[in-house]
Amino acid sequence: MALSRRVSFLAGLRYRGKQGMLNFILHRITGLGIVAFVGIHVVAGFFGQQFGDDLSFALNTIYESWQFQLFVYFSVLYHALNGTRLTLMDLFPKLMRFQRELLWLQWAIFVVSFGFPSYFLIQTSLSSS
Amino acid sequence: MRTSRPIRSSGFIEYVLWLFTRFSGLLLLLFAAISMGVAFSLGGRTLLDLPTMTRWVFFPNPNHVVNSDIPDVSVGWSNAFWQIFSVLMIFLAAGHGINGVRMVLEDYISRPLLVAMLRVLLFMLWLACMIFAVYVILYS
C-alpha cells in the first residue's frame, strides 16, 4: 500500500527526518546504484565476450575509469556499513538507544576507509595519465 | 488532511525475506572479507589497485579477476570449494539485490496487477542471473 505522494523532491529533502531519513535515502540510492552497476556490467561482459560488441567495450571503458570506480567504492562501502549498523540494531534492539552514536561511529569508519584508498586512487590516476 | 500510512500486513514470506536481507548482508560481508584475504595472500599486497580489488571482492572467479596482476590466477580456483563459494555468493547477492529492488518498487507502486507482473519479471531476472552465474562459474 503505497501512499500517493504529491510532494516535490526538494520539499521531501526538507522533511525534518534528519540523519535517519537521509541515511534511508542514501541507502536506497547506493543499493539501486550497485544493482544497476552489476546488472549492466554482467550484460556488457556477456555481449563483449560472446559477440565482441563495440557497445560493450565502450561500457567497460566507462567502468574502468577511476571516477566510476570511486562512485562504486562509495556505494559499496556506504551500503555495507549502513547495512551492518541496521542489522546490528535489528538483532540487538538495545543498541537502538545509541543509534546516533552508532551513526557517528559509522561515518568515522567510512571517512577513514573511503579516504585513504580514494586518495591513493586519485593520486596514481592523475600522475599516470 | 493527510492520514498516516497504513501498516502493511506482512505475511510469513515477507518476514523470511526480511531475515534473508539481514543475514545475506552479513554473510556477503564475510565472503567479501575472505575474498580480500585470498587476494592479499596471493600477492595482491603490492600488485593490486582499488578497481582490481573490487573485482576480487565482488566475484572471486578466475574469469572475472583475469585483469589482475596476480600470476597464474586460474590455478587452484577450479575446485569444488571455490565453485560452491562463488555460487553461494551469487545466490546471496542476487537475492539481496533483487529483493531490494522489489521492496523499493512496492513502496511506490500500489496497483496490484502491476506489482504482480513486476514480481514475475524480477523473479525471472533472478533466475537468469543464477543460470548465467552458475554457467560462468562451472565453465571457467
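Author: Happy to. Keep in mind that this is a predicted model. Let's begin with the salt bridges: over all chains, the count comes to five.

Reader: What makes Arg28(A) and Asp107(B) a salt bridge?

Author: The cut-off is a Lys or Arg side-chain nitrogen within 4 Å of a carboxyl oxygen of Asp or Glu. Here the N to O distance between the two side chains is 2.6 Å, so the pair meets the 4 Å rule. This one crosses between chains, running from helix H2 of chain A to helix H3 of chain B.

Reader: Why is Arg28(A) called buried?

Author: Buried means under 20% relative accessible area. Arg28(A) has 17%, so it is buried.

Reader: How do you know that the salt bridge of Asp90(A) and Arg22(B) joins two chains?

Author: First, the distance: their side chains meet at 2.8 Å, N to O. Then the location: Asp90(A) lies in helix H4 of chain A and Arg22(B) in helix H1 of chain B, so two chains are joined.

Reader: And why is Asp90(A) called partly exposed, when Arg22(B) is called buried?

Author: The line is drawn at 20% for buried and 50% for exposed, with partly exposed in between. Asp90(A) has 26% relative accessibility, so it counts as partly exposed. Arg22(B) has 18%, so it counts as buried.

Reader: What makes the pair Glu106(B) and Arg119(B) a link between parts of chain B?

Author: Their closest N and O atoms are 2.7 Å apart, in a salt bridge. Glu106(B) lies in helix H3 and Arg119(B) in helix H4 (residues 112-138), so the pair ties together parts that are 13 residues apart in sequence. Glu106(B) is buried because its relative accessible area is 9%, while Arg119(B), at 40%, counts as partly exposed. Salt bridges with shared partners also join Glu14(B), Arg102(B), Glu106(B) and Arg119(B) into one network.

Reader: Let's turn to the nonpolar side. Why is Leu29(B) part of a surface patch?

Author: Patch residues need over 30% relative accessible area. Leu29(B) has 33%, so it counts as partly exposed and clears that cut-off. Leu29(B) lies in helix H1 of chain B. The patch covers about 480 Å² and is made by Leu88(A), Leu91(A), Phe92(A), Phe23(B), Leu26(B) and Leu29(B).

Reader: Which helices supply the patch?

Author: Helix H4 (66-91) of chain A and helix H1 (12-47) of chain B each supply at least two residues. H1(B) has the largest share, with three.

Reader: What makes a set of residues a nonpolar core, and which residues have the most contacts inside the largest one?

Author: The members must be buried and joined through side-chain atoms within 4.5 Å. The largest such core has 16 residues, and Leu48(B), Met53(B) and Trp56(B) have the most contacts inside it. H1, helix H2 (50-58) and helix H3 (80-108) of chain B each supply at least two of its residues, with H1(B) giving the largest share, five. Leaving out residues up to four places away in sequence, Leu48(B) touches Ala39(B), Met53(B), Trp56(B), Ser68(B), Asp69(B) and Ile70(B). There is a second, separate core of ten residues, including Phe59(B), Ile98(B), Val101(B) and Leu122(B).

Reader: Back to chain A. How do you know that the buried residues of H3(A) are on the same side?

Author: The buried ones are Ser56(A), Asn60(A) and Tyr63(A), in residues 54-63. They cover an arc of only 55° around the axis, which puts them on the same side of H3(A). On the other side, Asp54(A), Leu55(A) and Thr61(A) are exposed. The cover over the buried residues includes helix H2 (18-51) and H4 of chain A.

Reader: What makes up chain A overall?

Author: Five helices and zero strands. Of its 129 residues, 29% count as buried. Its accessible surface comes to about 8,800 Å², and 71% of that belongs to carbon and sulfur atoms.

Conventions. Residues numbered from 1 in each chain as written. Chains lettered and ligands numbered in written order. Predicted model: local features only at pLDDT ≥ 70, side-chain atom pairs only at ≥ 80, totals over all residues. Heavy atoms only, no water. Patch = residues over 30% accessible without salt bridge, like charges linked within 9 Å, V, L, I, M, F, W, Y side chains within 5 Å. Areas by Shrake-Rupley, 256 points an atom, 1.4 Å probe, with all protein chains shown as cover. Helix = DSSP H or I, 4+ residues; strand = E, 2+ residues; numbered from the N terminus. Buried < 20%, exposed > 50% of the residue type's maximum accessible area, 1.4 Å probe, protein only. Contact = heavy atoms within 4.5 Å. Arc of directions from axis to C-beta.
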